[in-house]
Amino acid sequence: MADHPETTSSTATRVLGIASLASIVVLVIYAFAVTGPDVRLGETVRIMYVHVPTVSIAYLFMLANAVCSVMFLVKRSSFFDVAAGASGEIGVVLLGLTLVTGMLWGRPTWGAYWVWDARLTTTALLFLMYVGYLTMRTLPGNPNVRAVRAAVVGIVSAALIYPVHMSVEWWSSLHQGRTVFGRATKAAIAGDQETALYIGFLAFLLVASWLAVHRFRVGWLADRAAGVEIDAAVAARRAEHEPAVSSLGQVKP
Amino acid sequence: MPPAILLRDTVSLLGRYPVLAGLDLRVEDGEIVLLRGPNGAGKTSLLRTCAGLLRVASGTATVLGHDLCVDRRTVRPQIGLLGHATGLYDDLTVLDNLRFWARAVRADRPDAIVDSALDRVALAERLRSVAVARLSSGQRRRVSLAAMIVRRPRLWLLDEPHAGLDAEGRDLLDAMIAEAAASGATVLFASHELDRAVAVASRCVTIAGGVVVADDAA
Amino acid sequence: MLRDAWLVLRRDLRLEWRTRTTVNQVVPFVLAIVLLFAFALDADSATLVRASAGLFWIAVLFAASMIVQRVASVDQRDGVGDALRMSGIDPAGAYIGRTLALSAQLVVTEAVLGLAIVAFYGIDLRGLGLLAVTGGLATLGIAAVGSIYGPLVAGIEGRETVLPLLFLPVQAPVLLAAARASEVALGRGVGSGWPWAAMLGMLAVIYLGIGVATASTLAEET
């Protein structure tokens, strides 16, 4: 990671970007041409190649967010604050994709866009929790205070993923037994379909990483634009009482 | 005896702004030091840094023998900070407030200490069971002063303590500063009331642009 | 730590005693919800009876959100935040004290709200043991989260809208378990209510643990 990026692009991210594009192309080919409709799920199985990878990688980014939040509280370096923000944002986007694809899959499968399936419901709650986290990051005020509070929200949210999941799972088990998505994907997918799923994981991991790196760099540049280098700021502050170097550049008579 | 305050090249930030820009200051135990300087010089920030409320971004800061970069929490109960705000719960009575703060610093016999502190700042008996919100600003100032005495701090940090007090209150404050120093406490106070302040202080430190620019005997 | 918890608990209750915010503002607010809900559902008594448990806990969550905001703003005004940091009060102890005080205020609110629902919607009170345990544990869980998020938004412009956004999704598990257990207690739910009560206990422990663990970080933020 460059310390002072002047652009958000670098050779590494260009390679990553090209790899992302290529993997998406391969995924599209696999999802629509190579694999056929599923015996049980029919054509809707193709949604799984997006749905399952996005939710897994969303959790990965939530984990990254929690780790960066903890690191920020330990090190108090804005590197981790910006990194936590970037991973939180990408995570929310992925959770949103998960919800949309889940609903699109639910409509033909269950005849309704929404059923109170444990995973869908947990995902919706996590989505709201992390939207709250992102809102916290945009509030006005002292950036240091905000960063600390956002880090705490990130850690609390991550710590609550399991309790939320547990309670919702238990609730939905009263109504419809085990998780529908888990059963469908585990039992039905094999062979080319399994390959397509793995390509999906790879493609979304690459795309999300590419987005996250750029988001981090934008955040880092914004962070630098908001403040100045500490040494320069200290020098300017010390110069305040010397009229000769006042900001107007004029010596008072 | 270690100095009460020892700042070396201390930078502290308000948001991203360096309010203290590499400030050096040494205050000996038992000194009374007047802090002066134009608006925005960093007087309040210096007091808040010494109180451990502003994080030291670089340099070192030691107060009452505690390194503020390592641990700000343990030393704070030994410090009394009187800022522009009252530090009192508006909706609680004077007695409720002071008893709460006295218990918070683990005072022995808190009720008795509170009564004697209120006697010291000459707050009328009838005002003591009134909500702080109903007091005048000068009366609130006296209650804040009483809250300082209740804490029995080893280091007094006062930010414009004379502001809002009547003539009698100002004399009272000066007497309290002298008493505090006589009992071995250290006092650092910012003031624009130079004539009055110079009479109380043993030393006068002028700051501007977040650094010390003059340091004279008063 | 417990000494500071007791100190802060007494301070919060004294603040409530002097201002009577909960009694004068929050309690009438939840009563208004009870009435408005009856209007919304067309005073259809069968529907109201069925919805009562869930409605009760939703109203409690809104009430909690109001009280939390008020307590958090009191701790920021007039330099009180600085004074608390200077006082040496253990932040974890203060967190526990705030949580207990909030729980006490919620219990009062819940008592009035419960009576109103029983009276207006025509509920047969049954399963009092389960109801009491559910109420106690759910209240503790709600208060534990509220005491974390209150100070988080204190002093921020726009906190009135941010607090519910942070606070309500996190309360979903408590709402879920509390409503199910209450339904069972009132004789309408599926299965046994005690596992839900146990889950409420577990959630309260998790939330309290998080609150104690994050308290000192939040107290020292600058």
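This is a short tour of the structure, stop by stop, for use in a viewer. The model is predicted.

**Stop 1: chain A as a whole**

Colour chain A by secondary structure. It has eight helices and zero strands. Followed along the sequence, the pattern reads α-α-α-α-α-α-α-α. Of its 253 residues, 46% are buried. Turn to the contacts inside chain A. Among those between residues at least 6 apart in sequence, 80% join residues at least 24 apart.

**Stop 2: aromatic rings in chain A**

Show the aromatic side chains. Over all chains, the structure holds 14 aromatic pairs. Select W114(A) and W116(A) for one of them: the pair is edge-to-face, with 5.8 Å centre to centre and 75 degrees between the planes. The reason lies in the cut-offs, because buried means under 20% and exposed means over 50%.

Next, select F79(A), F80(A), F216(A) and W220(A). These residues form one aromatic cluster.

Stay in chain A and pick R107(A) with Y113(A). The charged end of R107(A) sits over the ring of Y113(A), 5.3 Å from the ring centre.

**Stop 3: a charge over a ring in chain C**

Jump to chain C. Select W17(C) and R20(C). Here R20(C) lies over the face of W17(C), 4.5 Å from the ring centre.

**Stop 4: an aromatic pair in chain B**

Move to chain B and select Y89(B) and F100(B). What geometry does this aromatic pair have? The pair is edge-to-face, at 5.9 Å centre to centre and 75 degrees between the planes. The pair links distant parts of the chain. Y89(B) is in the loop between β6 (79-82) and α2 (94-104), while F100(B) is in helix α2 of chain B, eleven residues apart. Both Y89(B) and F100(B) are buried.

**Stop 5: the six-stranded sheet of chain B**

Show chain B as a cartoon and find the open sheet of six strands. In which order do the strands lie? The order is β6-β7-β8-β3-β9-β10, and the pairing is mixed. β6 and β10 (211-217) of chain B stand at the edges. Each has a single partner strand, so one side of each is left without a neighbour in the sheet. On average, neighbouring strands of this sheet are turned by 15 degrees against each other, direction ignored.

In general, strands of a sheet pair through backbone hydrogen bonds, either parallel or antiparallel. Zoom in on β9 (residues 203-208) and β10 of chain B for an antiparallel case: six bridges join the two strands. For one position, select T206(B); its bridge partner in β10(B) is A214(B).

**Stop 6: P18(B)**

Finish at P18(B), in strand β2 (residues 17-27) of chain B. P18(B) is buried, with a relative accessible area of 1%. What is P18(B) in contact with, leaving aside its neighbours within four places in sequence? From chain A come A233(A), V234(A) and R237(A). From chain B come V11(B), S12(B) and L13(B).

Technical notes
Residues numbered from 1 in each chain as written. Chains lettered and ligands numbered in written order. Predicted model: local features only at pLDDT ≥ 70, side-chain atom pairs only at ≥ 80, totals over all residues. Heavy atoms only, no water. Phe/Tyr/Trp six-rings, centres within 6.5 Å; stacked < 30°, edge-to-face > 60°. Helix = DSSP H or I, 4+ residues; strand = E, 2+ residues; numbered from the N terminus. Buried < 20%, exposed > 50% of the residue type's maximum accessible area, 1.4 Å probe, protein only. Lys NZ or Arg CZ within 6 Å of the ring centre and 35° of its normal. Pairing = 2+ DSSP bridges. Axes fitted to C-alpha atoms, helices over the stretch in contact; angles between N-to-C directions. Contact = heavy atoms within 4.5 Å.
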